[in-house]
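Subject: Handover of a structure and the findings on it

Dear colleague,

Please find below the structure that I am handing over to you. My notes on it come directly after.

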Amino acid sequence: MSILSAHGASVEKIADEYLDAYFAMYPTRATAAGRHDFDEKLEDFSAEKLSRWIEFNRSTRAKLRDNGTSLDDQLDAEALLGQIDRELNALTNLRRGERDPLYWSSVIGDATVFLLVRDDLPLKDRQQHAIARARLLPTFARAARDHFEHVDLAQIVPEFCTIAAGQVRASAKFYAEGFASAVENPEVDPAAAKALNEFAQTLEALAKRATGSPRLGKQYAETFRVGTGVNEPVANVLKRATADLAKTRAEAAKFGRSIWRDAIGDETPPKDDAQLLRRLFDRIGADRDRDVNEALAHWRENVNAINALVHEKKIMTLPDPLTLIVDLSPSFFVGQSVGGVYPPGPYASEAKTILFIPTPSANATKDQRDAFFRDFNQHFNKMIVPHELIPGHYVQFKIAARQPHKIRAVFPDPLYVEGWGTFCERLMLDNGWGGPLERLAHLKKQLENIARTIVDIRVHTENMSREEVARFVKEEALQGDQLAANMWTRSLTTSPQITTYYLGYGKVSDCYDARKEHVDLAAFMDSMMKLGPVRLEHYH
């Protein structure tokens, strides 16, 4: 299918107009994309503004229809239509702007982070923009507080209020204690912290009275469709994922038995597969860093080693030179969790990519710190480098940012993004990255990814309870207590994004299997970057 404007305007023009309107609606997302013309503005989620934005999305969608155009036009229009469908579902079906405090708290959390960490403007300019945006936070927080003081309690999810309140409190702490240091200005107005704390207080009170359900129920099927691009019936996806969980457990157990003596020693392996895998997974967790500085040193060693390996084996053409910073989160982010990958946006394609490695919270107990480093152990961290960095998300986002078609980079296909990262885990293991314990860590992660899909569907369509989620994740997917506890929250707050790892991995693997006999590995890997982060059907 090819798509063009019904009124003769080019797809490129329609896409550019949409991006301008999108960033005007979401200034913090403009900053994340590398556009700085909205740095001194902040989101406005008033009923009037949301209504105009919904109508703009509908009118833009109506301009696009089937007609004879180029592949590039088709891909751009497809990316735009996917974004519009997600936006309309979020704002009209789920009514997130009206009823979800996380929709508001995410703006607060992202307001100045990219300005303070990325190098796409001189530091002084970024600091001035951050100060200007922080001045807008009290108005935004008061608008949020006023909105949630006058809502239908039956439409508000108490769990969302509690989570959002925690996020807002963390931001308040940052603006009270760390922001002045970040912008190198001790005279910054403290009003933001006060207003944020007042909003958090409103949410905490609301959490005690709200009665809304977090389950999507009848809205799940459409949310799943627009969030993944998968048109397969949800029941079929669940059936397939359940079968794949059993298959992956069997694969992991077979591999585990083959390396048991090297991994464990002379101890007799259990006959039961689940007991065997739990023992092996405990063995992985035993090799862990003692503190964040040791973890950072290992991350940096792994980045240098995998960069060299991909070049040596000619696995793909990397975007040289390496523009990647691996570090601890800056100390001025008091209270806030800002770990993760900060890629260059398409409007700042030559900015460095930043990875702030995951770390336990500053106030974690000894047991919590031990549990953290057990989960983020040395073998897991080494295995996940291909997913997060090379040849995974760092490479993927860097190349996409240089694409001339910005609409694709701003609104990437969800399965392409996480499918590529997950595929790169297995690919690099197969090409000499890591050893048996890294492969075990990957298989454990695969069990987690499949479980995410099963849990997401069952929570929202079968009323799976929190206790049932924890039991399933521990007993069937063989994960630990911490991840089992987190899975419930992920299914509520990031549905259906948590399904994209499993679903995307399957589709990228299908692309590879269909072409590996006809092209060499480097040709396949490079070809998967050429169109940008579009639907994987275009890469077959």
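The paragraphs below set out the findings by topic.

Please note at the outset that this is a predicted model.

Helix packing

Two packed helices are described by the angle between their axes and the distance between the axes. Helix 1, which covers residues 11–25, packs against helix 4, residues 71–93, at an angle of about 35°. The axes of these two helices are 9 Å apart, and the crossing of helix 1 with helix 4 is left-handed. On the side of helix 1, the contact is made by V11, I14, A15, Y18 and Y22. Helix 4 contributes D73, D76, A77, L80, Q83, I84 and E87. By class, the residues of this contact comprise 8 nonpolar, 1 polar and 3 charged.

Aromatic pairs around Y18

The structure contains 34 aromatic pairs. One of them joins Y18 and W53, whose ring centres are 5.5 Å apart; the planes stand at 45°, so this pair is tilted. Because Y18 belongs to helix 1 and W53 to helix 3 (residues 47–63), the pair ties together parts that are 35 residues apart in sequence. Y18 and W53 are both buried.

Y18 also pairs with F411, with ring centres 6.0 Å apart and planes at 75°, so this pair is edge-to-face. F411 is located in the loop between helix 20 (406–410) and helix 21 (414–430), while Y18 is in helix 1, so the pair ties together parts that are 393 residues apart in sequence. The relative accessible area of Y18 is 0%, and that of F411 is 5%. Since buried means under 20% relative accessible area, Y18 is buried and F411 is buried.

Charges over rings

Two arginines may be of interest to you here. The charged end of R29 sits over the ring of Y26, at 3.7 Å from the ring centre. R452 lies over the face of Y501, with a distance of 4.6 Å to the ring centre.

Surroundings of T453

T453 is part of helix 22, residues 436–461. With a relative accessibility of 0%, T453 counts as buried. Leaving aside residues up to four places away in sequence, T453 touches V237, A241, I498, T499 and Y502.

Backbone features

Most residues other than glycine have a negative phi, and most peptide bonds are trans. The following sites depart from this pattern.

- The peptide bond from D320 to P321 is cis, with omega near -5°. P321 is in the loop between helix 16 (292–312) and strand 3 (324–327).
- I390 and P391 are joined by a cis peptide bond, with omega about 5°. The loop between helix 18 (378–388) and helix 19 (393–401) holds P391.
- E184, a residue other than glycine, has a positive phi near 55°. E184 is in the loop between helix 11 (179–182) and helix 12 (191–209), and is exposed, with a relative accessible area of 52%.
- N463, also a residue other than glycine, has a positive phi near 60°. The loop between helix 22 and helix 23 (466–475) contains N463, which is exposed at a relative accessible area of 55%.

With kind regards

Conventions: Residues numbered from 1 in each chain as written. Predicted model: local features only at pLDDT ≥ 70, side-chain atom pairs only at ≥ 80, totals over all residues. Heavy atoms only, no water. Axes fitted to C-alpha atoms, helices over the stretch in contact; angles between N-to-C directions. Helix = DSSP H or I, 4+ residues; strand = E, 2+ residues; numbered from the N terminus. Left-handed = near helix turned anticlockwise from the far one by under 90°. Contact = heavy atoms within 4.5 Å. Nonpolar A, V, L, I, M, F, W, Y, C, P; charged D, E, K, R; others polar. Phe/Tyr/Trp six-rings, centres within 6.5 Å; stacked < 30°, edge-to-face > 60°. Buried < 20%, exposed > 50% of the residue type's maximum accessible area, 1.4 Å probe, protein only. Lys NZ or Arg CZ within 6 Å of the ring centre and 35° of its normal.
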